[in-house]
Amino acid sequence: MQRDTIRKYYIVHSWVGVVTGILLFIVSLTGALSVFGHPELKIWSHPEIRGDINHDFTSIDYLVRQHAERVDPSYLEHVRITLPGDSSATKLYVGFEKDVELENGGHEHHVTVFSHHPKTLDLESTFTGNSRDWFAQFPGDMAQFMTTFHADLHLGNPLGLVLTGLLGLTLFASVVTGVLIHRKILKDLFSFRPFRSLHLLFTDTHKVLGIWGLLFHGVIGFTGAFLGLVLVLLVPAAAFVSFAGDQEKLVETFLPETEPALTGAPAEPQIGRVLTDFTREHPGLTIRDSTIYGWGDSGAVIAISTSGGNTLSAFVTHELNAVTGEPLAEYSTFGRHDSVTGTLLDAMYPLHFGDFGGLLVKIIWSLLGVGTALVAVTGMMIWIERRAYGTEGSLSLASYHRISRFTAGACMGLVVASLSLFYGQLLLNVAPTQMTYWLGVLFFGSWAAVLLFAMIRHNSYRSIKELFALSGLLALGIPVLNGIVTGDALPLALMNGKTVSAGVDFTLLLAAALCLWTARKLPDHRPERGRFRNLTSGKNPHPAEENAL
Amino acid sequence: MNNVLILLSLTTSLAVIILWHSSRKPSKAPRWALNGLAVISLALSVYTLVPEFGWARAVFIAFGALSAWGCIYVIGKAFFGSQR
């Protein structure tokens with residue numbers, strides 16, 4: 001490739017990176033946390049669903065029948081049972097649903113939902129109204145806050161989704177241009193020299209994490225762009241091309257509703273027996289919810305939505321006869337269309353969130369997500385270093401210092417703000433429907449405070465060091481506070497079988513150790529000519545590396 | 001079973017990285033152990049083709065494990081290895 005062409009790709013790579021760098025860091029880091037949003041952080045956020053929840057399907061069957069006798073028969077179109085625990089639901093929900101025709105010709109989904117305690121199964125509340133109001137009164141928590149922030153930066157649809165979708169595209173573009181400008185990829189695979197100079201620390205971190213995680217970054221960029229833009233651009237575009245703009249028709253085609261073959265012969269659905277047998281036959285699957293279509297008919301179908309199967313698809317639905325338990329069909333979300341398109345659509349969500357191979361794959365995805373965030377921030381720092389201390393800059397040194405302080409404040413601020421969510425979840429005593437609002441106040445307030453702190457401090461090296469120490473102390477305090485507030489101190493949680501809660505606390509302790517170790521190792525001022533003289537064994541850098549400064 | 005397979009994938013990814021690294025310069029790493037891990041890697045590769053496990057999934061698990069171990073190995077070696 002010609003030198004001029006590579007130079008053009010380099011310019012594109014560096015400017016795309018610097019314009020989107022901080023946003024990319026934000027989305028990547030929150031993505032690394034969101035990998036554990038459901039169910040791990042959800043379970044940690046709600047002490048009532050920590051520990052093993054043994055679903056007593058016989059009792060659940062009894063409750064459903066009792067409610068079915070009380071509700072208006074028109075609500076028996078769909079009977080939905082959502083199990084608490086691993087499905088991320090915090091209660092046992094028994095919902096009865098019907099579609100209502102409106103005067104203007106439209107449809108509205110009406111529900112009656114009975115909420116039961118996840119362990120005792122005591123009835124706690126009843127809701128009747130349209131489904132929009134039902135979802136609006138759902139209690140917020142830090143897991144939901146984090147995953148929503150990752151998806152749309154709390155800017156909603158369409159602005160937030162378009163923004164994160166475009167960020168996915170820019171990440172993908174950065175991966176492609178990064179490969180094109182990097183002619184010594186294999187040579188740099190094992191080249192990491194953190195103690196020689198600041199410049200080499202940034203460039204080697206950028207290259208090592210960028211090259212080893214190349215395929216991951218590409219997959220995350222592509223699937224992120226798809227998930228961000230699918231609702232806003234892709235669905236309307238596909239509907240326009242193939243369904244004359246009718247989006248409902250498109251959704252019905254790709255996601256057809258279950259149609260039971262009703263016989264007219266009355267029969268009671270055997271929910272308890274069917275679900276017990278299903279769980280015994282599929283011990284590795286997690287049941288999210290079960291919906292009964294055609295209640296009271298011998299041809300009624302129970303559609304059991306599961307996760308954790310051996311497929312590259314987040315969810316698989318098993319349809320069985322609700323009376324006899326006879327298996328009828330098994331399909332993934334888009335699997336009813338036996339096509340490559342369906343397979344690809346199914347793979348998008350699990351590939352983005354690492355939700356296709358259990359906890360270990362989630363850990364790998366989360367680590368690589370942190371890697372993507374570090375690639376973004378080191379790219380920013382390289383851009384600043386080259387302009388502040390190299391020959392490429394056109395602004396004053398003070399201007400580059402301001403950009404550097406802003407980058408440090410924005411990035412470290414996000415770490416502090418994310419940790420503050422854990423404190424908010426444990427300490428905020430507000431109405432469940434107000435939780436998201438107050439978590440937002442805490443999250444954005446602490447982020448702004450850190451940003452302000454970094455901006456007013458002239459020595460950004462010292463402020464980064466102090467912010468790492470602060471993050472370490474915050475992470476260290478969460479398991480302690482969790483033990484005090486909920487009684488689930490780490491050893492007790494382990495003894496009581498609350499492994500998810502213990503796992504989250506243990507991960508926070510590891511993060512605390514890493515942050516405190518980093519704070520100890522980082523210099524509190526810019527090393528002389530960017531070199532770490534004191535951290536090496538007293539040797540000066542190699543002349544070739546010195547030239548790179 | 002899934003977790004066992006993923007752990008195997010992690011182990012063999014690390015072996016491949018160490019073998020690759022040691023092939024670039026003389027290494028004191030025990031060759032028999034690395035060769036053993038490479039054989040496991042081959043067996044794993046064959047197993048990932050078993051449709052029951054879902055080969056498409058296995059490919060992504062393998063590259064994810066390789067990427068994660070590559071980053072951890074190279075960065076960890078610089079911080080905790082003997083050479084600086």
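Buried means under 20% relative accessible area, exposed over 50%, and partly exposed in between (1.4 Å probe, protein chains only). All views show a predicted model, in which local features need pLDDT of at least 70 and side-chain atom pairs count only at pLDDT 80 or more, while totals for chains, interfaces and linings use all residues. Residues are numbered from 1 along each chain as its sequence is written, chains are lettered from A and ligands numbered from 1 in the order written, and side-chain values use heavy atoms, without hydrogens or water.

**View 1. A:Glu108 and A:Arg132 form a salt bridge.** Their closest N and O atoms are 3.9 Å apart; a salt bridge is a side-chain nitrogen of Lys or Arg within 4 Å of a carboxyl oxygen of Asp or Glu. A:Glu108 lies in strand β3 (residues 107-116) of chain A and A:Arg132 in helix α4 (residues 131-136) of chain A, so the pair ties together parts 24 residues apart in sequence. Helices (H or I, at least four residues) and strands (E, at least two) are DSSP runs, numbered from the N terminus. A:Arg132 is exposed, at 56% relative accessible area.

**View 2. A:Arg80 meets A:Glu97 in a salt bridge (2.8 Å, N to O).** A:Arg80 sits in strand β1 (residues 78-82) of chain A and A:Glu97 in strand β2 (residues 92-101) of chain A, 17 residues apart. A:Arg80 is partly exposed at 29%; A:Glu97 is buried at 6%.

**View 3. A:Arg193 and A:Asp204 pair in a salt bridge (2.8 Å, N to O).** The loop between α6 (159-181) and α7 (198-212) of chain A holds A:Arg193, and helix α7 of chain A holds A:Asp204. A:Asp204 is buried, with 2% relative accessibility.
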